[in-house]
Amino acid sequence: MQVASESTRRLLAFSALRGIGPAALKKIASIPRFASIDLRELEEQVPALKKALAIPDAWEGADKVAQEQLREAEADGARIISGVDPDYPRLLLETSDDPFLLFVKGKLAADPEKSVAVIGTREPTTHGERIAGRIAGFFAGHGWSIVSGLAIGCDAIAHKAALELNAHTVAVLAHGLHTIAPTRHKALAQEILDAGGALVTEYRYGQGIQKQQYVKRDRIQAGLAQGVVMVQSDLVGGSLYASRASIEYGRWLAVPVATDRDQKNGESKVQANLLLASDQEKARADLLKCPPSALRRVFVLRSKEDYAQLLTGEPASAGGAPTLGSDVTDLPSNAPELSKPNDRELIVEALLARYQYVRSKLAEVETLQQCLSDPMTSVTTHDLDHELETLLLHLDRFAAMLEEQVSSGQVIETSTRLRREVAALVRVLNPVIHGEVPQPALAAVFTLFRALAEVAFQQPALSENQRVSSTDFAGTAFLK
């Protein structure tokens, strides 16, 4: 087995140069005879390459790294492929941010166009476990390859469902092929290989686990597939990265509806499902970070009869908010009808939903801040600024909702959970707002939000060091 083609070998060496990422590799690969022409001729056509090669001994060091990677891959029985190779997945190559270099152990699907990503929370409910296996089994039974991330929970269930049907499955890793994470899934990884599946990663041998790498891993899962099935997810979770990427890439996203039982139990891991299955178009688009027009590619799965439409990517029906089908409701036929919540409960739920939005945006800001400090990522300050603006928007909306309830005299301080969540949000936001944040307006809106929180809850949720002084209330009309 050839570890890498000559073209890929040279691209691998280029990738070890400082400042040479996927975009530069694609530029180099577009030059005729790039694998054989002189470096000086290449660098004249690629400014980033010229800058990288200007560093003393840069090429010698990069070539040494490439040779080490080739030896590691050969010893491990793996291959390294690039976008110039015929077996590099076309679906991934069509995306805007494919890694252009992949480390592959095992065999890619014989028909890679028939691939679906089945992903979800690491802590699915009983219904989520059943749906993950059922949907993966449905696609596997139709000859599709199941793509997932080898994680605990929905990912592992999807892989196992494929294996049980002797179907192909691909595990996308967030680290080098020298290790398996989580370690409890070493046996599952070997089963995938023994069954003719593959382990795939963009990271070199020796590259360990870093939090931000899971974001790229999730996007590659979406890139390898015709669409993504998000089995279950909270409003903050890694599954949303793959879900958003699928929509961004012009592909589809399928979301099973949450059962009455999971809703009644207040399961946090179905909150994204609840929102995406609702008729709140603006909120759905905000969660997926897409224009409202892209929501037409979101499929809401009410029952197993809806699965067939995913094979073609064409909706079986359209319009209206989804209803629960018999296949996805866990309640017995004689179960009593759920009581309708009163107005106060609805207000609290609406505030909690907005709280979840703020926390999700805050989590993305924190992840991007970590990515900025890592030269291996392609995240820019522009990406961080965009997320900060979004966080500002949601925090402002949260403040407005609190203000409305204060001014209308609604009693919301009776919700212990809401008080607890708001207090937690204040604690988490404090260091973010008062740290090195390039958005001064964010601090101003947070001051307003914190003041509103104190008034709304009559200060039972906030400790002394979290309260604002009376001068901070100046200019807030509702307090005058």
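Which residue forms a salt bridge with Lys-50, and how far apart are the closest N and O atoms? In this predicted model, the partner of Lys-50 is Glu-44, and the closest N and O atoms of the pair lie 3.4 Å apart. Glu-44 counts as exposed because its relative accessibility is 54%, which is over 50%, whereas Lys-50, at 41% relative accessibility, counts as partly exposed.

**The protein as a whole**

The protein is built with 19 helices and nine strands, and of its 480 residues, 51% count as buried. Among the contacts in the protein with a separation of 6 or more, 72% are accounted for by residues 24 or more positions apart.

**Salt bridges**

| Salt bridge | Closest N and O atoms |
|---|---|
| Arg-40 and Asp-38 | 3.1 Å |
| Arg-90 and Glu-94 | 1.8 Å |

In the pair of Arg-40 and Asp-38, Arg-40 has a relative accessibility of 60% and counts as exposed, while Asp-38, with a relative accessibility of 39%, counts as partly exposed. In the pair of Arg-90 and Glu-94, Arg-90 is partly exposed at 41% relative accessibility, and Glu-94 is partly exposed with a relative accessible area of 46%. Through salt bridges that share partners, Arg-90 and Glu-94 belong to one network together with Glu-113 and Arg-251.

**A loop residue and its contacts**

Lys-114 sits in the loop between strand 2 (101-106) and strand 3 (115-119), and with a relative accessible area of 30% this residue is partly exposed. Although Lys-114 and Gly-143 are 29 residues apart in sequence, their C-alpha atoms are 7.6 Å apart in space. When residues up to four places away in sequence are not counted, Lys-114 touches His-142, Gly-143, Trp-144 and Ser-145.

**Two helix pairs**

Two packed helices are described by the angle between their axes and the distance between the axes. For helix 7 (residues 126-141) and helix 8 (residues 154-164), the axes come within 8 Å and cross at roughly 40 degrees, and helix 7 passes helix 8 in a right-handed crossing. On the side of helix 7, the contact involves Glu-129, Ala-132, Gly-133, Ala-136, Gly-137 and Ala-140, and these meet Cys-154, Ile-157, Ala-158, Ala-161 and Ala-162 in helix 8. Sorted by class, the residues of this contact between helix 7 and helix 8 are eight nonpolar, two polar and one charged.

The axes of helix 10 (residues 213-223) and helix 11 (residues 239-248) also come within 8 Å, and they cross at roughly 45 degrees. Helix 10 and helix 11 are therefore oblique to each other, and their crossing is right-handed. The residues that make the contact are Val-215, Asp-218, Arg-219 and Ala-222 from helix 10, together with Tyr-241, Ala-242, Ala-245, Ser-246 and Glu-248 from helix 11. By class, the contact of helix 10 with helix 11 has five nonpolar, one polar and three charged residues.

Conventions:
Residues numbered from 1 in each chain as written. Predicted model: local features only at pLDDT ≥ 70, side-chain atom pairs only at ≥ 80, totals over all residues. Heavy atoms only, no water. Salt bridge = Lys/Arg side-chain N within 4 Å of Asp/Glu carboxyl O. Buried < 20%, exposed > 50% of the residue type's maximum accessible area, 1.4 Å probe, protein only. Axes fitted to C-alpha atoms, helices over the stretch in contact; angles between N-to-C directions. Helix = DSSP H or I, 4+ residues; strand = E, 2+ residues; numbered from the N terminus. Parallel < 35°, antiparallel > 145°, perpendicular 65-115°, else oblique. Left-handed = near helix turned anticlockwise from the far one by under 90°. Contact = heavy atoms within 4.5 Å. Nonpolar A, V, L, I, M, F, W, Y, C, P; charged D, E, K, R; others polar.
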